[in-house]
Amino acid sequence: MSERRALVPTPAGDVRLARLDIGAVLYDESRGRLHILDETAAVVWQLFDGKTTVDEIVSDLVDTLRAEEHWARHYVDALLGQLGDLEVVEVTDMASVRPPG
Amino acid sequence: MDRQTRRQFLRRAAAAGVVIGGLPAVRTFDLPAYGWVGSPPIRSGGTTPTNDPVQAVGDPSDPPFASEQDGGAGSSALAVPTRAVSPASDSSTDPRVLGAELGRTGAQGSLPFTGGDPRRAVALGIGGIVTGTAMTRGLQSHRRGPAVASEPRLGHPVDRIDGVLWRYETVARAAFGFTYRFRATDPAVGALVEDLVRAFPRVPEHAHSWLSLRDRGSREPRFASYLDDDVLLATSDQSLAIAAMLSAIDRAGVASIVGDRLVLHAAAVTAPSGTVLLLGPSGAGKTTMTAALVRSGFGYIADEIVAFDHGETTPQPYHKAISLKGSSRWLFPDLRNALGTASDAGSGQLWHVPIDAIRSGARSEGAPITMIVELRYDAAAVTTLEPMAGRDALASIVANCFSGDRLDGESFSSASTLAGAAPAYRLVFSDLVPACRLVHDAIASAGRAGTP
């Protein structure tokens, strides 16, 4: 039986977002790095609010952007992988940190 | 964000054409930490000692102050400007010399721009850019040998300060928050340098710093420039000593406002139809393009340093002299006669030219930026002006920030405001004339589009 997880992405503290005509730019002030996101990535980034789970994000993408679930999940996972490697987003398993009871 | 808000947000994104497809595209780059102003930096041709200035520029046994010889308007003290302005040495009409110059610059891999014989450039219509009279009264005075300052000087024409016989002093001027007075041992060179800084605003009375240019006569290295007690450069080439001083003004000017304003390594020009911010790394052609646009009618707001109050899109004027690189100066042959000083001997190879010599009355106040242009010179490219995404414009702005060790969040927000305020274009060019025309056409078009 697989363990149920509630993965929640949260932007790192020193990261600022600038939304422009197309796409967005993330500025990681602590590392002096700039990350340019395409339009879809910019939209998905804004759902990383420290409260919404990956499952909820995928569900919303499927319902509103008419994406197939496996594509939506693949996209979100890939974005989290890239941004996680760049240390601009952290993913917390809220199921494992919930207080007992 | 609650579920309903999330879905509304996503539905708007869907209506705007956002789809899930493929993999996310994330481009990352590290921002340079800018601590240097100038294009290019002064590197060779002298030394940059940082210890005691008097000891640094000569034999330690030298007396701490100069003899009457020191700084005298000696016969060769004006070697550089005299070489530059002398009709006898003016090679602009000698195609062999021009050809040699072109060959040399091409070999260096720098910016030949139009390429080929400059006479061809004139035939192609660049005459509006490269011709014209630019001699100024102030510069005329340099030909008269020991010059009289063309502006009132504070202090005394002949005075001993710090044990050195300074024969020329200027009024106090400001480069942003940095205020300074300039002095020289050679009055003719002093007047020449004053022409280069004359466009900076005057400030009453007190200045923070002295910029000093000293001719040590027969001792080597003969010339030295100072910022207060620090030697900027001690060298046998006076033009390099002057260039180091001009660069020091830029650096100190930036240092005086970094953190308080958004400060870019860029240029800005303005026309009735709009104001253009020119971006690009050193060597991209910003200064040459600025000179060409000013020559063709644009007003000059700033070169090298463009500063904005946070959250604002109106650049503040910074009317420094134009410093043309050797590889582009043949496009402005008339400026030989308006030459402030040349740095031929060093790697800089700069012509420092007062903006009024490019076009009289070109100095302009700031106006809101209406077009952002990122420049890139490519000798093999067809000259094109293509729209650029705002995110790329922002990246370019941020990459060209003078930010000290690290760009602060407020500056990033200001850069975002700027990037979002004006359409951006990428200008790839191999030829200056069509590049100028494209900028003219685009700003005129943007101006018409913005007219109710």
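A: Let's start with handedness: a crossing is called right-handed if the near helix is turned clockwise from the far one by less than a right angle, and left-handed if anticlockwise. Keep in mind that this is a predicted model.

Now the pair itself. In chain A, helix H2 (residues 54–65) and helix H3 (residues 69–85) have axes that come within 9 Å and cross at roughly 130°. That angle makes H2(A) oblique to H3(A). As for the hand, H2(A) passes H3(A) in a right-handed crossing.

Which residues do the touching? On the H2(A) side they are A:Val54, A:Asp55, A:Ile57, A:Val58, A:Leu61 and A:Val62, and they meet A:Glu69, A:Ala72, A:Arg73, A:Val76, A:Asp77 and A:Leu80 of H3(A). Sorted by class, that contact has eight nonpolar residues, four charged ones and no polar ones.

Two of the residues in this contact, A:Asp55 and A:Arg73, also pair up in a salt bridge, with their closest N and O atoms 3.0 Å apart. Since A:Arg73 sits in helix H3 of chain A and A:Asp55 in helix H2 of chain A, the bridge ties together parts that are 18 residues apart in sequence. A:Arg73 has a relative accessible area of 27%, so it is partly exposed. A:Asp55 is partly exposed too, with 36%.

On to the other bridges: the count over all chains is 20. Another one in chain A joins the side chains of A:Arg16 and A:Glu29, at 3.9 Å from N to O. Here A:Arg16 belongs to strand E2 (residues 15–19) of chain A, while A:Glu29 is in the loop between strand E3 (24–28) and strand E4 (33–37) of chain A, so the pair links distant parts of the chain, 13 residues apart. A:Arg16 has 35% relative accessibility and therefore counts as partly exposed; A:Glu29, at 25%, counts as partly exposed as well.

Over in chain B, the side chains of B:Glu194 and B:Arg173 meet in a salt bridge, 3.8 Å from N to O. This pair also links distant parts of its chain, with B:Glu194 in helix H7 (residues 187–197) of chain B and B:Arg173 in strand E6 (residues 173–175) of chain B, 21 residues apart. Both B:Glu194 and B:Arg173 are buried.

Last, there's a group to look at: A:Asp60, A:Asp63, B:Arg6 and B:Arg7 are linked in a network of salt bridges.

Notes: Residues numbered from 1 in each chain as written. Chains lettered and ligands numbered in written order. Predicted model: local features only at pLDDT ≥ 70, side-chain atom pairs only at ≥ 80, totals over all residues. Heavy atoms only, no water. Axes fitted to C-alpha atoms, helices over the stretch in contact; angles between N-to-C directions. Helix = DSSP H or I, 4+ residues; strand = E, 2+ residues; numbered from the N terminus. Parallel < 35°, antiparallel > 145°, perpendicular 65-115°, else oblique. Contact = heavy atoms within 4.5 Å. Nonpolar A, V, L, I, M, F, W, Y, C, P; charged D, E, K, R; others polar. Salt bridge = Lys/Arg side-chain N within 4 Å of Asp/Glu carboxyl O. Buried < 20%, exposed > 50% of the residue type's maximum accessible area, 1.4 Å probe, protein only.
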